[in-house]
Amino acid sequence: MKDKRRYPEEFLEINKWVNEKIEKEKNNIKLEILEKRQFEMLFIGIVLLFLFIIAVFPNRVLKISACIGVLLVCLILIIYMYFKNKKISNKKNEFKEKVLEEFAIHIKDGFIYEKNGEISELKYRKSGFNKSYNEFESNCCMSGEKNGRKIGIANITIEKHDKDNKKKICLFKGAFAFCELNENIDEIDVMKVDSKINKKEKAEIKEENLYMYSEDIKYANKIVDEKIIQLVKEVKREFDITLEFMIHKNGLYVRFFTDNMLLFSVSDEKEVLYKYYRLIEFMNEFAETIEKNVK
């Protein structure tokens, strides 16, 4: 999937600019990982030498010394690995921040990247996906304007406490995207849940296992037409995900049910950046089609 994907030319150009900015940091991380592996091999070699001495030589003092040597080497290795892994982890986090910041800047029309996106909670509350929750965690939030529409994407986790306030119940974990529309639209909810208590009119979108709720289902079918369903189908198939969306007033809100869609990897940051790019394009096209359907 990594190499077989046909990336758009615009994305490849953006990715090229980003690579030029991050090459030094990426090489530093690779050197740190290589150094860690070399030390691991050295320590393993020393341990094997001590074990050989214990197994082959009959001298009791030598055996005891070798056993102490094994313990000391293992202790040193554990301490070394702890601090080395911590250092590598910090460098990876710094690298991720730089990559996403550079990527956001180079997107057409300009975006910004926030490590902890406060804007995403405000938008999530407006969406109405979860009427009540106790904890909202948002990270890797990217937002900006494309073709005059404000668009944002973030990793989020939504949790609620149980009745005894002892356990946390995860209500949603995945990617959340929003887009401000240039039209005011009556509320339309397209959900995975076949609700028996929702008092709105309902229509089943069978091929996508989704259910649409609206006060006026004929109006909703006009807005969420075959073109919209095709857009949803394409992004679901491309990333092997399920999604839900809500349209309310001048807001479009989408939840992508996946734990790792925007999970960053130093070894393959290109694929993660493409997902951000693709979701921004998807939200823009989604909003554009909805606005056309209103007129």
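Lys 26 is buried, with a relative accessible area of 18%; buried means under 20%, exposed over 50% and partly exposed in between, with a 1.4 Å probe and protein chains only. Lys 26 sits in helix α1, residues 9–56. Apart from neighbours within four places in sequence, Lys 26 is in contact (heavy atoms within 4.5 Å) with Phe 95, Val 266 and Glu 269.

A word on the source. The model is predicted, so local features need pLDDT of at least 70 and side-chain atom pairs count only at pLDDT 80 or more, while totals for chains, interfaces and linings use all residues. Residues are numbered from 1 along each chain as its sequence is written, and side-chain values use heavy atoms, with hydrogens and water left out.

Now to helix α5. Its 14 residues, at 1.5 Å a residue, should span 20 Å, and the end C-alpha atoms are 20 Å apart, which agrees; the expected span is 1.5 Å times one less than the number of residues.

Which residues of α5 are buried? They are Ile 228, Ile 229, Leu 231, Val 232, Val 235, Lys 236 and Phe 239. Seen down the axis of α5, the buried residues fall within an arc of 160°, so they line one face of the helix. The face turned away from that side carries the exposed residues Glu 226, Lys 227 and Arg 237. The buried residues of α5 pack against β5, α4, β7 and α6.

Last, the pair α5 and α6. Helix α5 (226–239) and helix α6 (269–294) pack at an angle of about 170°, their axes 10 Å apart. That makes α5 roughly antiparallel to α6, the term for angles over 145 degrees.

Note on methods:
Axes are lines fitted to C-alpha atoms, for helices over the stretch in contact, and angles run from 0 to 180 degrees between N-to-C directions. Helices (H or I, at least four residues) and strands (E, at least two) are DSSP runs, numbered from the N terminus. Angles under 35 degrees count as roughly parallel, over 145 as roughly antiparallel, 65 to 115 as roughly perpendicular and the rest as oblique. The arc is that of the directions from the helix axis to the C-beta atoms.
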